[in-house]
Protein chains: 2
Amino acid sequence: MAIARLTEEERAAALAELPLWRLSADGTAIERRLRFPSFAQAFAFMTRVAFEAERADHHPEWSNVYDRVTVVLTTHDAGGLSTRDVEMARFIDGVAG
Amino acid sequence: MAIARLTEEERAAALAELPLWRLSADGTAIERRLRFPSFAQAFAFMTRVAFEAERADHHPEWSNVYDRVTVVLTTHDAGGLSTRDVEMARFIDGVAG
């Protein structure tokens with residue numbers, strides 16, 4: 001089943017409540033860069049997100065360099081942002097504190 | 001304490017025994033791209049490498065998109081490749097099977 005892409009209005013509303021996330025230039029993805037006190041804490045964060053990603057069947061595109069993690073969220077099946085990205089972004093903000 | 005950078009000869013010898021790794025254009029890093037049967041297996045691989053990275057105090061620069069993981073190894077304190085990268089590459093090859 002195809003997942004609905006957010007309308008421009010829905011996307012604007014979602015971004016307004018996710019101030020730590022930046023919209024990609026083409027408007028199809030959001031990105032947040034995080035920094036932690038240590039590599040262990042950065043990877044512990046990733047592990048919590050990994051389990052949530054499996055549960056939700058919605059996986060981030062992410063990279064890690066020591067204490068830094070960059071997370072990109074998009075919904076390929078929707079050709080852009082969907083409510084799944086908004087829900088995952090909220091989860092990540094909750095975990096990152 | 002500074003970590004010694006591999007000489008050109010040492011680097012060539014190391015790469016000869018690491019055929020799955022590609023030298024970066026500027027010669028300061030090696031990269032391997034891996035693919036797994038699932039996200040869970042990709043992340044399980046990352047978790048094993050994360051614990052070894054902490055033990056060795058030598059951390060990869062890596063990214064993950066679903067079942068794919070890209071690992072880049074370099075030694076910033078050496079300004080290029082060191083024996084630490086070779087040892088980590090061997091560990092990763094062993095884990096990846």
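Predicted model: local features only at pLDDT ≥ 70, side-chain atom pairs only at ≥ 80, totals over all residues.

## Symmetry of the two chains

Chain A is superposed on chain B by a rotation of 180° with 0.0 Å of shift along its axis, and the RMSD of this superposition is 0.0 Å. The two copies are therefore related as by a two-fold rotation axis. In chain A, the C-alpha nearest that axis belongs to Ser63(A), which lies 1.9 Å from it.

## The interface

At the interface, 16 residues of chain A are in contact with 16 residues of chain B, and because 100% of the interface residues of chain A are also interface residues in chain B, the copies meet through the same surface. The area buried between chain A and chain B is about 1300 Å², with carbon and sulfur atoms giving 72% of it. On the side of chain A, the residues that lose the most area to chain B are Phe39(A), Phe43(A) and Trp62(A), together 38% of what that side buries.

Across this interface the rule finds zero salt bridges, whereas two residue pairs are found in polar contact. The elements of chain A that give two or more residues to the side touching chain B are H2 and strand S3 (61–65), and H2(A) gives the most, with eight residues.

## The nonpolar core

The largest nonpolar core has 50 residues, and those with the most contacts inside it are Phe45(A), Val71(A), Ile92(A), Phe45(B) and Val71(B). Among the elements that give two or more residues to this core are helix H2 (39–56) and helix H3 (83–96) of chain A and of chain B.

Leaving aside neighbours within four places in sequence, Ile92(A) is in contact with Trp21(A), Leu34(A), Phe45(A), Val49(A), Val71(A) and Leu73(A).

Conventions
Residues numbered from 1 in each chain as written. Chains lettered and ligands numbered in written order. Heavy atoms only, no water. Core = buried A, V, L, I, M, F, W, Y, C linked by side-chain atoms within 4.5 Å. Buried < 20%, exposed > 50% of the residue type's maximum accessible area, 1.4 Å probe, protein only. Helix = DSSP H or I, 4+ residues; strand = E, 2+ residues; numbered from the N terminus. Contact = heavy atoms within 4.5 Å. Least-squares fit on C-alpha atoms with pLDDT ≥ 70 in both. Buried area = accessible area lost by both parts, 1.4 Å probe. Salt bridge = Lys/Arg side-chain N within 4 Å of Asp/Glu carboxyl O. Polar contact = N/O pair within 3.5 Å; in protein donor to acceptor, adjacent residues only side chain to side chain.
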